[in-house]
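Here are a few notes to read alongside the model.

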Amino acid sequence: MTDRGWLFDLYPDGQGMRLWFLRETGSAVSLWEPYAPTFYVRGTRAAIDRALARIRRFPVEAAPVERIEFWTEELVPVLEVRVRDLRQYSRAVSAAGAEEGIELFTCDIPLPQRYAYDRGVFPLAYCSWDTTPDGTLRAIEVNDDPWALDYPLPPLSVMELKLEGEAVNPRHGWRGRLEATFDGETRLLEGSDPHLLLETLAGILRKADPDVILTQWGDSWLLPELDRLERRCRIALPWHRNPPSADQPPPPADRARSYFSYGPALAGREAARFLSGRWHIDARNTFIFRESGLEGLVEIARLSRIPVQQLARTSIGTAMSSIELLRAHQEGILIHWRKQEAEEFKAAEDLLTTDKGGLVFLPPTGVHGDVAELDFASLYPTIMAKFNVSPETLDCPCCPGRNVPEIGRRTCARRRGLIPRVLSPLIEKRARYKSMRNETADPALRRRWDRRQNALKWILVTSFGYLGYKNARFGRIEAHEAVTAYGRELLLQAKETAEAAGFSLLHAIVDSIWIRKPGITERETQALAEDISRRTGIAVAVEGIYRWLIFPPSRTRPDLGVPNRYAGVFRDGTIKVRGLELRRRDTPRFVAETQEAILAVLARAGSLKELGDLLPEALSVLDTRVQDLLDGRIAPAALAVTKQVSQDPEAYTRACDTAVAAQSLLARGIRLAPGENVQMVYSTAGGRDPASRVRPLAFSSHDFSCDTEKYLDLTLRAAGAILGPLGWDASRLAEAVLRERRNH
């Protein structure tokens, strides 16, 4: 082998794949390899002959082979079709699939992933390679393992590009100077002279030559706007490491689209702007990067085989599916094309039994002390792995199997299912990362292991949802129901074990329990966790013991608590909040920060008594922030509410706030697609004219008058969620504010 380094990127190029490597020296190199992907055909001899006649115009080769059928695990004869011209692959698949009586398999995996499956490579794999003089890849050897924990990575150089100032979507009309940050230095680029702006940015890009360009709204606005300026000024920015040409094009761009998610809500995805030889990551258009940073993104890319630029813009479920597809492909299992697994017919009584979901015990409202929280580690994925829950193992015909609690189904005892085979190493790897995080004293290493385990957490969380999705390649709703049945049984066992040990149950939800006991200690809590682990066979960890814990009442039923809505402080001082305003994405920043400031004061309390002693200080903090609001000292960006547009702006028949804001933008020539977010500020929330109730944030200047009463109500509600159990609910807080205003 003549060279060594990391596989940085790959994408289709002509009749093969373009691969980018980062050498150990830090330089980048572009290589090309011919690639002819395959797909599989099954049907009657006559149907196969007709399908072959349809694809005869494409350069294909066909040969009979045997592969494994997913449901029966038996070898079945199929026809392997190899498309010699990669550019014709999707057309050949569509032509073959148009023939009646034909089943297609392993035919619609994105080509970069399929290449990685076939060649055994993965993003950021450390490799050795050999090439011909013209840059064709002759041989490649992977000297890396995607399941390694502490793997070497190249020192990636990152440049950040964004508009200065508040985080307002520039596509909605807000503008500012371009800000470029590299190697700790930030430069502001004036935009009054487009030629000078482009020439300066081009110089920065050439000098820095970054591996990664990290942007804010780069996909939806920044790069398209710079493209427009490039065309107008006839100045080309060196986005790509090698200038694109007919012989070496850039990675294919992905179009913007909206699509249905669960229920009627629509999710939108911006058009992707991919670069050649370097990555472009839009921090506003990526879930995985936002949750786990670059460390988590690379971890999932290595496991899923999805190139990093594509992975940054895809869903975590797509990454999970790719890991499943990879395992199936490696084992020679046929992957169905356009699979749909309809739910079995159930009588109403059976449906009520099987479709219960997770078990929940409602918490009592108020403030509590001497409370410990215990959590099952990755409960649902571990159930799938431990109890062999997979679509093909449920109610198998090959053995008596193991009974699933309550619902009258069985799981196979003879063969291990595909889903458990996929999940077991993921569960183990995440557990190892968590252990490494807890054992190290190095803050940088702790952050690295935590980001990687967090990325794997989202993969595992998604695996359960996809198990019940009928269009998922390996989904089946009955398997999903079997997992929740096991989960209910295990939670009951945990409750019984705790009560037998002298604890009382305060709250429980799906995979977590909150228990209390006067004078509760770390030692006895850890002993209980070990007892539950032994009884259930699934690891249980002590999340912590609370100094104090608040469960606010329901707004509609004040006598009831709300599952997974609480705030508390552990004995080590860590604040934990779930379900409250500061955790919601549609909460104005000012309201969230007010609630956070109150919690910061109360967090100093070491006991319930001290909590009461700190109440006056918490009320003083609230009073100061309310006064800032009433005096108009809060910037519009801190008051912005973010909502998702669910349909075209003209399609709204009711003048809800989202419709008013979207139509206001449309009147200025800015059309939002279903699924896009709109930021708005309440101007006259209670006004008679719907069009005046809200205003898009992009058009709200610092001297813009907001609806103070609306924001006061939101602030007092958020404060009341914390202070209510201490005797100061939202209505009492409102009375106090009213008295103060009268006095002034």
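1. Let me start with two tyrosines: Tyr-35 and Tyr-115 are both buried. Please keep in mind that this is a predicted model. The count of aromatic pairs comes to 16. Among them, Tyr-35 and Tyr-115 make an edge-to-face pair, with 5.2 Å from centre to centre and 90° between the planes. This pair ties together distant parts of the chain, 80 residues apart: Tyr-35 lies in the loop between strand S3 (28-34) and strand S4 (38-43), while Tyr-115 belongs to helix H3 (residues 111-119).

2. Rings also gather elsewhere: Phe-70, Trp-71 and Phe-474 are linked into a cluster by ring pairs.

3. Phe-70 turns up again in the lining of the largest cavity, together with Ile-68, Glu-69, Glu-73, Ile-333, Glu-392, Arg-415, Leu-418 and Arg-421. By class, that lining has four nonpolar and five charged residues, with no polar ones. The volume of this largest cavity is about 50 Å³, and the structure holds six cavities of 30 Å³ or more.

4. Is His-329 buried or exposed? His-329 has 17% relative accessibility, so it counts as buried, the cut-off being under 20%. His-329 is placed in helix H8 (residues 316-330). Leaving aside residues up to four places away in sequence, His-329 touches Thr-106, Arg-114, Tyr-117, Asp-118 and Ile-335.

5. Two lysines are worth a look as well. Lys-517 has its charged end over the ring of Phe-503, 4.8 Å from the ring centre. The charged end of Lys-710 sits over the ring of Tyr-682, at 5.0 Å from its centre.

Note on methods
Residues numbered from 1 in each chain as written. Predicted model: local features only at pLDDT ≥ 70, side-chain atom pairs only at ≥ 80, totals over all residues. Heavy atoms only, no water. 1 Å grid on protein atoms, 1.4 Å probe; cavity = no way out; pocket = protein on both sides within 12 Å on 5 of 7 lines; lining within 4 Å. Points joined across faces, edges and corners; volume = space filled by probe spheres on them. Nonpolar A, V, L, I, M, F, W, Y, C, P; charged D, E, K, R; others polar. Helix = DSSP H or I, 4+ residues; strand = E, 2+ residues; numbered from the N terminus. Buried < 20%, exposed > 50% of the residue type's maximum accessible area, 1.4 Å probe, protein only. Contact = heavy atoms within 4.5 Å. Phe/Tyr/Trp six-rings, centres within 6.5 Å; stacked < 30°, edge-to-face > 60°. Lys NZ or Arg CZ within 6 Å of the ring centre and 35° of its normal.
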